[in-house]
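Please consult the sequence and the structure shown here.

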Amino acid sequence: MRPKFELLDKALIERILDEAFQLLEDPGVRVAPYVVELLSSAGVAVADGVAHIPEALARRLLDLAPRGFCLYDRSGKPAVRYGGDDVHFDPGSSCLNILDPATQQARPAMAADLVRLVQVTEMLPEFAAQSTAIVCNDVPQEIGDWYRLLLVLWYSEKPVVTGAFSASSLHTLLDVLAIESGGSDELRRHPRAIFDVCPSPPLNWSEFASQNLVDLARGGIPAEIVSMPLAGATAPVTLAGSVVQHAAECISGITIHQLAQPGAPIVWGGAPAIFDMRTGKTPMGAIETAMLDVACAQVGKYVGLPTHAYMVAGDGRVIDAQVEMESGMSAVLGALAGINMISGAGMLDFLACHSIEKLVIDAEAIASAKRLIAGIEPRSDSLALAMFAETGLHGDFLKLKETRALFRKEQHFPSAVIDRGLASSDGSTPGILERAGQRVEELISAYVRQPLPDDREKKMIAFAQREGKKAGLEGLPEILKPEYAPEAGLM
Amino acid sequence: MPSDRPDDLFSTMRQSIIDGASDTASSLARQAVASGVAPLDAINNGYVPGMHDVGEQFAKGQMFLPDMMASAEAMRAAMAVLDPELTKVGAERPTAGVVVLGTTKGDIHEIGKILVGTLLSAHGFRVHDLGVDVAGDTFAAKARELGADIVGVSALLTTTMRNQKGVIESLEKAGLRSQVRVMVGGAPVTRRWAEEIGADGYAKDAMSAVDLARELMNQKVLRQNAPVAEQA
């Protein structure tokens, strides 16, 4: 059996949904002018920018949203399945700072850091998808959105969890994706990326979030609602109350999205958190935050939708026991909850900082969590009797052929990041940070970039040079000149 | 009911703030006015010490933000009674400083800023809250209009945090930078970021924002009192 962790019984889920539907009617949801006509024409009363969504309509549109869909890798193969109890992980996204590998102090993140992070993520099987993990401080802000996506696509073949910070940049991001996929039709058929779209708590779809929902639906590109109730600040203080708000924000987003394009892929996702009543911070590593994630996902599963959550992040400012305790616990709970995409690995300090060293440590927690949800299986006709019949009371299980045949299925073998007593080559006993740092360097050394098909590579470079020039970008940070210099005609 | 002795009245006022009891704070203020207690005495000997106690207990982790919000609300309720009385007698509550607050351009989050504004008001600052999604020039215009001592700029998002720098540039452009102290805050903001953009201070939470605002006011007073040669 697949082990499962649930926090809500059926009666409570029904109450949560019932209250969420009531909220959508009264007080309603604040929406932007961009979607007023779309909603009105479907019979939604919109007054003073507030939409009052009838339950019957919302339920009908919820039923139209697909139960599952895939993201594809660069070669067009399905690589991430959203839906059911599939569990995938990707690094946290859009971080301004990074723990410097040499000093382990936070500093502004640069394009070079993003490339290292992407390379490490590419090498780790624990991450099914990449994310646009870092805001590159050495790239002009006005082109930051698409440039970091371009870097991820340049260095990775995995699907990407991304997002736009404005309505206009979404279209540039879609242009970059279309070039990489070999055209917008191909992108629509085999979407490589999913876009996070965030309502503003409580119950507010801003102009750019509304526009993103509609444009993604019509473009056939999957959208992931990231609802962020802060329990006690921008949402009810009770966990159950915040889950209601999360449900209402998701349902209203899905209503807008499915009205724009029925059947377009969308995810019931979020980054809920509690609001710490001593500091006003939003601890991502708090157990109540993980409880919110699990409960919100459970409601999404109940209505039959793919799910997402923000977990595996810790709150300390350096990689320490606190940060890894928080990250490990939340990785395990997210996996047990069967959440389809769990974003957040690598992050610390209340999502204010990323760390590649933490990412490789988190990968070990994720691998353990995945082993956990694989569960305990009977691997042979008898569980133990046949093996006892062979060895009797001598206890020589190590010699048995079953042992050799089955130990790899039964045991997960962590990398050298986890201290299992393997001596290092020089007999020293490096600490966790040193082991993580070594692992990062090994992965980066082993990484080999797979080039795009030649014509797409040229088009991406031409695009980046043309659009970058408009923003005064000098050269193309972290895209090495020899990779495009021979094509002088493109310069 | 408190006795008629002013000390007992002040102590009950103080307790009403600690308890976050708006109705009590307000009725004690009315009682003080009716019995001829000077409004400034009620403020300085009753309510303000209550707010100080709250700040201390909060710093020790013995009180929490909802308690603090209730205390600030009780303070506001008392002041709503006492402010008109001050005006009647031609007195004025000494202002700890004039602060213009807002969330930076492109950002619509304001919970942290509201907390800061509430606590600054409760601690005697005159606060003008510009709301959310505020352009740098709007900060500068309001700072000029009110003769602000401090401009506080909040940002929740890593992207909009960058616009805090724009506010400082707007103040410079308006020729106000030397008169106005700038403090920044918000989830992604760090001390290092504050230094990088040339802000005068960073506060990690609402209570430290009050301490920071006081410190910035002290710096300003010291600077104003310093001999001209030292300022050069």
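How many residues of strand 12 (residues 223-227) of chain A are buried? In this predicted model, five of the five residues of strand 12 are buried, and the strand is mostly covered.

**Strand 12 and its two faces**

In a regular strand, side chains alternate between the two faces of the sheet. On strand 12 of chain A, A:A223, A:I225 and A:S227 point one way, while A:E224 and A:V226 point the other way. Residues on both sides of the strand are buried.

**Pairing of strand 12**

Strand 12 of chain A pairs in the parallel sense with strand 11 (residues 193-197) of chain A over three bridges. Within this pairing, A:A223 in strand 12 has A:F195 opposite.

**A:L151 in helix 5**

A:L151 belongs to helix 5 (residues 141-155) of chain A. A:L151 counts as buried because it has 25 C-beta neighbours inside 10 Å. Leaving aside residues up to four places away in sequence, A:L151 touches A:A111, A:L114, A:V115, A:V118 and A:E478. Between A:L151 and A:L230, the C-alpha to C-alpha distance is 32 Å, with a sequence separation of 79 residues.

**Contact between chains A and B**

Chain A contributes 18 residues to the contact and chain B contributes 16 residues. The side of chain A that touches chain B has nine nonpolar, eight polar and one charged residues.

Notes
Residues are numbered from 1 along each chain as its sequence is written. Chains are lettered from A and ligands numbered from 1 in the order in which they are written. This is a predicted model: local features need pLDDT of at least 70, side-chain atom pairs count only at pLDDT 80 or more; totals for chains, interfaces and linings use all residues. Two residues are in contact if their C-beta atoms, placed from the backbone, lie within 7 Å. Ala, Val, Leu, Ile, Met, Phe, Trp, Tyr, Cys and Pro count as nonpolar, Asp, Glu, Lys and Arg as charged, and the others, Gly among them, as polar. A residue is buried if 20 or more other C-beta atoms lie within 10 Å of its own, exposed if 12 or fewer, and partly exposed in between; C-beta atoms are placed from the backbone. Helices (H or I, at least four residues) and strands (E, at least two) are DSSP runs, numbered from the N terminus. Two strands pair if DSSP finds at least two bridges between them.
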